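Biologist: I am new to protein models and would like to learn how to read one. Could you take me through a few features?

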Amino acid sequence: MLYLFDDLVLDTDQRELRRDGSPIPLQPQVFDLLEYLIRHRARVVTKDDLIGAIWGGRIVSESALTTRINAARTGIGDSGEAQRLIKTLPRKGVRFIGTVREAAKKLESAVAPPKVEKISSLVVGRTAPFETIDRMTRHALSGQRQMAFVTGEAGIGKTAFIAKAIERLTEQGFDLLYGRCTERFGTDEVFLPLIDALVNRYRANGPELISAVRAHAPTWILQLPGAIDASERAAFQDEVFGATRERMLREFCDLLEALSAGRPWVLVLEDLHWSDFATLDVVSRFARGNGTARVLALCSYRPADSAADGHPIRRLHRDLEIHGCCSELRLDRLSHSEVERYLALRFDDAELASSLSKPVFERTLGHPLFVASLLQHLIDQESIVEIDGRWRLSSQAAFARDRIPDSLLNMIGYELDRLTDNERRLLDVASVAGEDFSAALVAAGLSDDAIDVERDIEALIRKDHILVRSGVSEWPDGTYSGSYAFRHILYQNIIYQNLSPGHRTQTHKRLGKRLEEAHAGHTPEIAPALALHFEQGREFPSALRYLREAAESSTERLGHAEAASYLTRALGILDRFNAAEEFPVRVALLRQRSWALRSCGDLVGSIRDLRDMIACAEQAGEIKQQLNGLTAVSSLCLRVDRHACLEAAEDVLSRSQALADDTFKALVQGSSASVNLFLNGWRKQDAALCDRAIELSASATNYGILIRRNGISGIVDCWRSRYQECRRAGTEGKRLARLAGDVYTFVLFNVLESIALIHLGEWRELRREITAGLELAVRNANGPSSALCRLTLAWLHVEAMDFDGARELCESVDDSLLVGDQSTYFHKRAVLAKAYVGLNDPSGARRQFDDIERRRLEEGIDIEFTAATQVYHCLGEYYLQVDDFTQAQSCARQLHDYVASAPDLNHLAQAHGLLARTALGLGDSAEAQVQLSRALEIVDNADFPIASWRVYRTAAEIFAKYGDVDRAATYRLRFVETVRRLAQNFEPEDRLHKSLLAVLAARTAQLEAMTSLPSRLA
């Protein structure tokens, strides 16, 4: 959009304020403020409006706001006295009162492409690559995504080529996302170029992009500073809870597809040989996608650098090429004729180009950066001069071998040698600041005034071509200065490498301290840069702090591997200095890295860090930290390595005996005892430890204590069939885990809550919770969580007697997801066995029982109690189905003995019911009556709907068998009422409602036939 007023144009797409076609520099916040005032010129804009729109609701001083308004006035030729265009209304706000005309324009990119000097942007000799881009453009415009790798050595002209390509694509209506990788942060800073691309585009034209990100990539909205307010951020954090990196990859590609529905886009990612691996995963996923996307991706890298460093970009490129998913635009050195063409364009003189081409080509061998540097050298030496508007060669002797550097590096060295001492000092500090830097930061390194340094940089740009302007920089403390970049990173590298170690160290330290001061309260935004400066500046305590902040930021972006890398650096630094509190710092780092490794699937590494943490605590004599580590190992191994889990639990019980803190002792012992109850079955001594832990922590408010307390309580209550209490513990545990962002613990509590809801018969709520969990797991690309949700739904279906649906859900879960998850593996087999029994397919059920026994014997483990009760009961049903009453009785007794000591009344009632049916089959009517009476005593005095309908059906069968028609009818009606109550969880057209009533009708008909009574189901 163009806003025209006075003799000015505010171009919101290009983010420029122009007068007579010439740009007027404005800092970003001033531009945003001016645009906001013009867009809302129909009303008075309040201070709160501006703070919300420009600063994202952050606390801003009155002076900062006034400064930006005054800067906007200055930019448009207004003043506080005149107020011709921006008028202040005391105690109300401000309003733009100028006459404005709006004009639409052909869409142009709002994101600045790479900065390329006018002369060096002359592109010659790239006919074939541009023809390839033209072909790819046609495909992209037709909806076929395109991916091209622009490759070549340093200085070959990749940036200039891409800038020219962007210019051509923009003319065809393409919008731009531009990101660039940074050497110093490399593989550690997850998604850095993609986030930069989105941030730059958002700042240029926020509302449209933010709307698309909200709808298609919510995991990315949290990466855009200021894009959403605090209330929205909380909602989005709930939305992306449990998200994985895979989800972020998918959503970025979905975002590109959605954006391209409106217009074509070009995605540029430069210098991928320095990229983090997550960005490469996005590149790979996008290139392999087959959906419609009017997107052309241009990715540049240096093959030699990637090979030397072992970076995977080259392998990715080759793999995509093999599968026909990309093209390569290889930029080679210029030929003799191409050099001549470049010279003709550079000097606008074909004759001069002809005379220069041979010596220039012979010296540079057609290397574009060397060619440009050599020509600048000749101009500086006045070997080529401009006379009356035309360029002339002053002397052929200018090309004498001894007067011209014989390599690009020597040429750069020669340029640097020509600088004054002050200029060299300035560039020395700039090389430490980075490839792109602000004048204010260089001033801090020089201990000089920022305005003076900015003036010196501008003078150097006019004199030499080592630096170029790259925009403006503004820090949170209000510091505002010009931003600059090295013409090519080779200049920065050479200068930086030639610094003395002491000078380099001190400069890093100064720059780190200034950045820390300027970003007080906002350091997470630049934590990687701060960590690097303080690490290189040997300020190790500060480096540690910011490495941990960088790790936390990476974790928020789901870059768990990168977080682990930052923490590994932090642990390495810890070994290099004597920290005042080395032990707690090391323990905290190991715990944090363990969490990061666990989150990226490296359970072995996670457990190793926990064991190192335990060893560290042992050396320091810190028993509490030892126990915390052991408890974490036990919890982490609960579902995947029962031997290690139980070993850690027993170790906790042993080591905790010496504790003096009764509450802490009770909690860690209760945690370990609850693990034993879950995996080994009921033992009174374990239950007593759990009860004591629950009692002593009753008034706790600490997160860690509450998590442990709810975990202990949930397991004990589940064992005792106190399902309402178990449900509350599960729900509260989920809430706490979500607040802490702990997906693993959330899943454990979700299991507890689901078990409680199953046995309470609250199936509507269970399905709602699990369906929501499944949708989240699918969005998050979390395979194990998705499998667990599907199997829980399968369990619901089998209890609702939809046996086909249960089997389909189980079979939709790939066994490869369960290889390392013993609990889920057994759970799947148990549910499948029940489904096959329900389908009257005993051979199918037998296969499941055999699989369970095989894995149990191979791994030397028992089944945890939630699965064991299901397996024992189903085995009994299976043997009844095949008329093996003796084996059925044995399984029923196993179930009885397993649950009786708690007692788990729910499953005890079912055990008695099974024993009654087996006694009936064996012809022992007295035993059948005894077992039935025990089962009825339990279900008549408790609310266990699953146990109830099974026992009532058994009672109806037994009484009918022995001719007690009235009692058979009584229990048949109770059976009907219980099943109908379960069916009421669902709407009449629901599959589970129908399955329950279908089975109810069939079973009731059988019971009525046994008693020769008319149907009472109508």
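Modeller: We will go through a sheet, its helices, some salt bridges and the nonpolar cores.

Biologist: What should I know before starting?

Modeller: This is a predicted model, where local features need pLDDT of at least 70, side-chain atom pairs count only at pLDDT 80 or more, and totals for chains, interfaces and linings use all residues. Residues are numbered from 1 along each chain as its sequence is written, and side-chain values use heavy atoms, with hydrogens and water left out.

Biologist: How do I read a sheet?

Modeller: In general, the strands of a sheet pair through backbone hydrogen bonds, either parallel or antiparallel. Strands (E, at least two residues) and helices (H or I, at least four) are DSSP runs, numbered from the N terminus. Two strands pair if DSSP finds at least two bridges between them. Here, five strands form an open sheet with parallel pairing, in the order β9-β10-β11-β8-β12.

Biologist: Which strands stand at the edges?

Modeller: Those are β9 (175-180) and β12 (327-330); each has a single partner strand, so one side of each is left without a neighbour in the sheet. On average, neighbouring strands of this sheet are turned by 20° against each other, direction ignored. Such angles are taken between N-to-C directions and run from 0 to 180 degrees, using axes fitted as lines to C-alpha atoms, for helices over the stretch in contact. Looking at one pair, β9 joins β10 (residues 265-270) in the parallel sense over six bridges, and Gly-179 has Leu-269 in β10 as its bridge partner.

Biologist: Which helices lie across these strands?

Modeller: Among them is α4 (residues 127-141), which lies across β8 (146-151), β11 (295-301) and β12, and runs at about 150° to β12. Another is α10, lying across β9, β10 and β11 at about 140° to β10. Contact here means heavy atoms within 4.5 Å.

Biologist: And how do I spot a salt bridge?

Modeller: Side chains of opposite charge can pair when their charged atoms come close. The cut-off is a side-chain nitrogen of Lys or Arg within 4 Å of a carboxyl oxygen of Asp or Glu. This structure holds 74 salt bridges. One of them joins Glu-246 and Arg-285, with the closest N and O atoms 2.1 Å apart. This pair links distant parts of the chain: Glu-246 is in helix α10 (residues 245-260) and Arg-285 in helix α11 (residues 277-288), 39 residues apart.

Biologist: Are Arg-302 and Asp-305 buried or partly exposed?

Modeller: Buried means under 20% relative accessible area, exposed over 50%, and partly exposed in between (1.4 Å probe, protein chains only). Arg-302 is at 6%, so this residue counts as buried, while Asp-305, at 25%, is partly exposed. Their side chains meet in a salt bridge (3.0 Å, N to O).

Biologist: What is a nonpolar core, then?

Modeller: A nonpolar core is a set of buried Ala, Val, Leu, Ile, Met, Phe, Trp, Tyr and Cys residues joined through side-chain atoms within 4.5 Å. The largest one here has 227 residues, and Leu-427 and Leu-467 have the most contacts inside it. Helix α34 (residues 743-760) gives the most to this core, with 11 residues. A second, separate core has 56 residues, including Val-199 and Trp-274.

Biologist: Which residues does Leu-427 touch?

Modeller: Not counting residues up to four places away in sequence, Leu-427 touches several partners, among them Leu-416, Leu-460, Leu-467 and Phe-486.
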